[in-house]
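Dear colleague,

Please find below the structure that I am handing over to you. My findings follow it.

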Amino acid sequence: MPRSVPPPAWVIARRRAIGDRIRAARLAAGYTQEQIALRIPMDRATYIRIEQGHSAALVDSLILIADAIGVPLAELVE
């Protein structure tokens, strides 16, 4: 169900910061977006939206992403 009210700006900023940390961890591990999406499995477009901070990720998705990259979840969401 879509939200009737968009999230506050600070929430969007934190979502983007999480996406930036996901991207940095993925690049440091030497993976492409496609490789991570396939390992989860998740549609590549959905993964890209999470990494870019355009989409709110479920906790389960963040756990899967952290595991696929090989980093602790806390590193991505601190």
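Helices are DSSP runs of H or I with at least four residues, numbered from the N terminus. Please note that this is a predicted model, in which local features need pLDDT of at least 70 and side-chain atom pairs pLDDT 80 or more, while totals for chains, interfaces and linings use all residues. Residues are numbered from 1 along each chain as its sequence is written, and side-chain values use heavy atoms, without hydrogens and water.

The buried residues of α1 are Arg15, Gly19, Ile22, Ala25 and Arg26. Seen down the axis of α1, these fall within an arc of 125° (taken from the directions from the helix axis to the C-beta atoms), so they line one face of the helix. Their cover includes α2 (33-39), α3 (44-51), α4 (59-69) and α5 (73-77), where contact means heavy atoms within 4.5 Å.

Ala17 also lies in α1; Ala17 counts as partly exposed because its relative accessibility is 28%. The C-alpha atoms of Ala17 and Glu78 are separated by 9.4 Å, although the two residues are 61 apart along the chain.

After α1 comes Gly30, which has a positive phi near 80°.

Yours sincerely

Definitions and conventions:
Helix = DSSP H or I, 4+ residues; strand = E, 2+ residues; numbered from the N terminus. Buried < 20%, exposed > 50% of the residue type's maximum accessible area, 1.4 Å probe, protein only.
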